[in-house]
Amino acid sequence: MPTESAMAKACVQSDDATPVLLEVENLAKHFPIMRGVFRRQVGSVRAVDGVDFHIRERETLGLVGESGCGKSTAGRVILRLYDPTAGRIAFRGEDIGGVRGESLRRLRQSMQMVFQDPQDSLNPRMTVGSIVAEPLVEHGVAKGRALDDRVDELLNAVGLSARFANRYPHEFSGGQRQRIGIARALALEPEFIVCDEPIAALDVSIQAQVVNLLQDLQERLGLTYLFISHDLAMVRHIADRVAVMYLGKIVELAPSDELYREPLHPYTRALMSAAPVHDPELEAARERIILTGDVPSPADPPPGCRFSTRCPMATPECSAREPEWRELRPGHRVACHYAGDA
Amino acid sequence: MGVPLSAAPAAEAVLAVEDIQTRFHTQEGVVHAVNGIGFELGEGEVLGVVGESGSGKSVTMLSLLGLLPTPPAEIVSGSARLEGEDLMALDADRLRKVRGARVGFIFQDPMTSLNPVLTVGYQLTEPLRLHLGMDKAAARERAAQLLDLVGIPEPTSRLSDFPHQFSGGMRQRVMIAIALACSPKVLIADEPTTALDVTIQAQILDVVKRLRRELGMSIIWITHDLGVVAGLADRVMVMYGGQVVERADVKSLYARPKHPYTRGLLRTLPSPDDEDGSSGRLASIPGHPPSLLEAPASCPFAPRCEHAFDRCHRENPMLETRGEGHEVACFFDVDRGAPRAD
């Protein structure tokens with residue numbers, strides 16, 4: 001019999017009635033490559049090159065892929081830290097791709113980010129209290145006594161003592177610093193948080209603490225997450241649905257259990273088979289798909305399917321024609337000519 | 001496999017390390033980084049060394065190779081017998097002859113350990129000419145063979161390339177080739193795949209497994225990734241707070257961990273066949289690693305341990321054999337769920 005929580009999760013996945021919070025269509029971000037004395041543009045790095053997905057309220061979408069696949073850029077474009085080159089970003093149905101000035105500032109109250117390295121993202125000269133208070137002051141949300149109370153409340157919410165408010169970031173361990181980063185992200189009561197590799201810089205024994213905190217906060221505050229990570233096991237644990245990115249494109253998107261049980265794209269399969277498992281018996285028995293070669297440069301992606309240069313199943317068709325973004329099963333999309341054939 | 005895979009170290013250990021103690025003199029005080037580490041490495045054995053940042057795993061290896069700057073480091077005691085000869089008693093000149101010839105090592109970041117202004121060919125032939133007295137032509141030929149061995153395409157022409165012309169995974173292969181140049185008895189690899197993507201990590205692990213089979217080297221593999229060790233090591237040594245807390249053959253360590261820290265670590269990882277996914281919470285180890293600013297007078301894990309009782313805060317447990325080839329440093333018997341009788 002499924003547990004109550006498992007059923008609750010199944011509901012979240014299948015419930016099409018839950019409103020869509022964020023939707024991106026054909027989103028692209030190209031960075032120009034400049035050369036020479038006159039800084040002429042000689043090409044562009046196609047970091048994100050046409051991705052589509054949506055995230056429903058209170059849902060966690062995992063975004064996985066290897067370094068350079070464009071997953072962090074995608075997160076930053078959505079938050080409008082970069083301007084999109086093309087495509088549409090809709091937040092609560094409203095197109096936010098072009099908003100500027102005051103409306104962008106207001107929008108930032110509802111969309112926040114947790115960064116990978118808590119060492120680099122916290123100002124070492126500011127006390128923890130002023131780091132957490134800064135967004136509240138900046139947006140004129142609170143001042144005086146109310147501000148102090150709100151800071152204490154935020155620190156408590158992430159499991160830190162309010163006594164720490166007068167200390168500096170260097171006095172804290174990596175896990176505690178990440179909690180400070182999370183408190184800052186929560187300050188303006190956002191609805192949507194992009195977590196960009198939030199546990200990658202942390203020790204194994206601390207990772208679980210931070211992941212549990214993110215899940216507790218999501219339940220308590222009704223948050224929606226885009227969880228960017230290269231850790232497949234952790235993404236499976238935290239995400240309701242998972243999107244797999246390769247060289248600027250999403251190659252597969254599915255409910256997490258389904259994706260891990262039955263990956264359809266050859267890249268997803270290779271990625272999963274490459275991730276080591278902490279069980280010697282299983283490791284000895286596993287057949288690994290070892291990809292040859294390296295990821296091509298996003299400045300000069302291969303024609304057709306971008307994975308075709310490394311794909312063990314590639315045919316001439318693959319480098320000739322770009323695969324369609326097909327929905328093979330309800331909620332399970334894949335971009336591969338041959339997915340589902342075998 | 002052509003290599004004997006015994007759980008216990010072979011009768012004559014290739015490397016026998018005893019009682020290494022290393023301290024760092026810093027502004028905040030004396031950091032007791034390594035507190036009495038000893039281990040044996042058998043012929044053709046892969047020893048996995050697992051621990052979090054600050055557990056002393058890298059400092060142990062740097063101490064025995066004489067690679068720590070003194071000051072701030074101070075090596076208080078220790079011996080490391082490589083085929084009977086104590087490396088830690090050698091003078092700098094003779095130690096330099098051992099490093100790179102009889103002991104090879106690979107570090108985490110290949111970009112900082114390769115010299116950016118010298119060709120890969122030069123860096124590969126240098127140890128061959130220095131340690132083996134080869135002439136230029138012979139060294140170049142051997143260098144090309146080494147690049148071929150680690151799976152670099154077109155090895156002869158790539159000898160004249162500089163490190164920046166290689167990708168991250170290829171650079172790490174070059175590092176492995178340099179470490180293997182003089183056919184060392186022992187290869188020490190410190191987090192060699194941590195900076196790499198999983199699909200590239202799988203390629204490197206594949207190369208290492210093949211080399212170990214073909215060359216019969218003894219390998220020390222340092223990592224924080226319990227998954228990598230599960231698939232590679234014969235025996236595993238778990239470190240915490242500058243001490244060895246548990247050591248066993250790989251299967252019994254993962255199947256029957258006896259130290260509360262090892263058990264905790266394995267429990268915090270999301271299970272590979274975790275069907276209930278995001279509904280549950282991960283088990284976590286509360287607190288954070290010790291600062292090591294005091295000499296260890298009690299169990300370093302006691303403040304975070306769910307089983308700690310008064311004795312754990314008074315005495316530091318010794319590593320003792322509990323069951324065949326399984327050693328643990330703990331006053332608590334996790335199998336019986338009670339403190340040990342002795």
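## Strands E3 and E9 of chain B

In chain B, strand E3 (residues 46–50) and strand E9 (residues 235–240) run in the parallel sense and are paired over 4 bridges. The model that shows this pairing is a predicted one. Within the pair, Gly48(B) is placed opposite Val236(B) of E9(B), and Val49(B) is placed opposite Met237(B) of E9(B).

E9(B) is mostly covered, with 6 of its 6 residues buried. The burial applies to both faces: Arg235(B), Met237(B) and Met239(B) lie on one side, and Val236(B), Val238(B) and Tyr240(B) lie on the other.

## The hairpin and the helix across it

E9(B) also pairs with E10(B), here in the antiparallel sense and over 6 bridges. In this second pairing, Val236(B) has Ala248(B) of E10(B) as its bridge partner. The two strands E9(B) and E10(B) form a hairpin with 2 residues between them, and Gly241(B) in the turn has a positive phi of about 55°.

Helix H11 (residues 260–268) of chain B lies across E9 and strand E10 (243–249) of that chain, and the helix runs at about 100° to E9(B).

## The sheet as a whole

Strands of a sheet pair through backbone hydrogen bonds, in either the parallel or the antiparallel sense. In chain B, an open sheet of 8 strands shows mixed pairing and has the order E6-E7-E8-E3-E9-E10-E12-E11. Its edges are formed by strand E6 (103–106) and strand E11 (320–321) of chain B; each has a single partner strand, so one side of each is left without a neighbour in the sheet.

## Helix H8 of chain B

Helix H8 (residues 198–215) of chain B has 18 residues, which at 1.5 Å a residue should span 26 Å; the end C-alpha atoms are 25 Å apart, in agreement with that value. After H8(B) comes Gly216(B), with a positive phi near 60°.

## Nonpolar cores

The largest nonpolar core contains 67 residues, and those with the most contacts inside it are Val158(A), Ile180(A), Ile182(A), Leu186(A), Leu214(A), Leu217(A) and Tyr267(A). The most is given to this core by helix H8 (residues 204–221) of chain A, with 7 residues. Apart from this core lies another, of 64 residues, which includes Ala139(B), Val150(B), Ala248(B) and Leu253(B).

Not counting residues up to four places away in sequence, Val158(A) touches Arg179(A), Ile182(A), Ala183(A), Leu186(A), Leu213(A) and Leu217(A).

## Overall form of chain A

Chain A has a secondary structure of 13 helices and 12 strands. Its radius of gyration is 21 Å, close to the 20 Å that the globule rule gives for 342 residues, so chain A is as compact as a globular protein of that length. The C-alpha trace of chain A spans about 70 × 65 × 40 Å along its principal axes.

Of the 342 residues of chain A, 54% count as buried. Among the contacts in chain A with a separation of 6 or more, 64% are between residues 24 or more positions apart.

Definitions and conventions: Residues numbered from 1 in each chain as written. Chains lettered and ligands numbered in written order. Predicted model: local features only at pLDDT ≥ 70, side-chain atom pairs only at ≥ 80, totals over all residues. Heavy atoms only, no water. Core = buried A, V, L, I, M, F, W, Y, C linked by side-chain atoms within 4.5 Å. Buried < 20%, exposed > 50% of the residue type's maximum accessible area, 1.4 Å probe, protein only. Contact = heavy atoms within 4.5 Å. Pairing = 2+ DSSP bridges. Axes fitted to C-alpha atoms, helices over the stretch in contact; angles between N-to-C directions. Expected span 1.5 Å × (residues − 1). Rg over C-alpha atoms; globule rule 2.2 N^0.38 Å.
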